Amino acid sequence: MDQATFVTLSYAISSLVISGLALWIFLSARNAKAKVDQLEKQR
Amino acid sequence: MSDAVINSGLAAYANPARFMRLSQTLVPFFALPAVALIAYGLWLSFTAPADYQQGETVRIMFIHVPFAWLAMMTYSIMTIAALGTLVWRHPLADVAGKAALPIGAAFTALCLITGSLWGRPTWGTYWVWDARLTSVLVLFLIYLGLIAIHRAIEDKGLAARAAAIVTLVGSINLPIIKYSVQWWNTLHQPASISSLKRLANPALPPEYLWPLFTIAIGLTLLFFALHLTAMRAEIWSRKADGLSRRMARQAG
């Protein structure tokens, strides 16, 4: 592999992991909030 | 400052409802500048000149070094949260410690991956068992172990105390990571920016310092946005569990 490939791989993997982590955290928060709202409505 | 003043100061932020209101306001203040700074930092990192020795691979430094800083900063925050759980019994301390885990694990994994991808063209190998690399791998394993503790122990209070004790024991690894390049003969280079004194006369030229600091500040702000959001998710999740149990008791 040439130097540019190592750089591209590093940035691509980092972008994927950080975006995935951010998406997972924001979706977890949204789902947890929705669950609380649903339970409070049922009560 | 007296204990009473400290306790009353901490108690003001011990109310999860108050935290939820405050964090709702703070998250966009961290997230928006984070995205802007990371985007600008990436542009700077790709317009910086190639290094006369390392060539294009020097660009890996602009993300590898911030990941390393954040991996350690996250663990430092978790260590303070562990003290908050065990000593001050702050209601949000356990939430803060648990919410930081996946973020810290991700930053540590990225530090190891980008370091490995930088090592191959620079050192000729993806991995060596030197003190710096091994101690960062140990940090990653501690993060995984703490996640496992939270998943394995059903009693949240017990899990919080067990995780806090392991976090405090594991914090001995932080100075080992920091000083490993001085204490042992390692393939990993010593820190180029290790103190404020060194910052005044850094080993790096400004065209490398700017992208490095821009991405580092951007990722730090992103950490706080993600951490606060993860804490909010954990608080809602616990509230949902509590409501479910209460409704099940009322139904039974």
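The model is predicted: local features need pLDDT of at least 70, side-chain atom pairs count only at pLDDT 80 or more, and totals for chains, interfaces and linings use all residues. Residues are numbered from 1 along each chain as its sequence is written, while chains are lettered from A and ligands numbered from 1 in the order in which they are written.

I start with chain A. Chain A has 1 helix and 0 strands (DSSP runs, H or I of at least four residues for helices and E of at least two for strands, numbered from the N terminus). Its C-alpha atoms fill a box of roughly 60 × 10 × 5 Å along the principal axes.

Of the 43 residues in chain A, 19% are buried, that is, with 20 or more other C-beta atoms within 10 Å of their own, C-beta atoms being placed from the backbone. In H1(A) the buried residues include A:Phe6, A:Ile18 and A:Ala32. The buried residues of H1(A) pack against helices H3 (61–88), H4 (93–123) and H9 (206–251) of chain B.

The contact takes 24 residues from chain A and 27 residues from chain B (C-beta atoms, placed from the backbone, within 7 Å).

Last, chain B: helices H5 (residues 131–152) and H7 (residues 173–183) pack at about 170 degrees, axes 8 Å apart. Axes are lines fitted to C-alpha atoms over the stretch in contact, and angles run from 0 to 180 degrees between N-to-C directions. That makes H5(B) roughly antiparallel to H7(B) (over 145 degrees).

Definitions and conventions
A residue is buried if 20 or more other C-beta atoms lie within 10 Å of its own, exposed if 12 or fewer, and partly exposed in between; C-beta atoms are placed from the backbone. Two residues are in contact if their C-beta atoms, placed from the backbone, lie within 7 Å. Angles under 35 degrees count as roughly parallel, over 145 as roughly antiparallel, 65 to 115 as roughly perpendicular and the rest as oblique.
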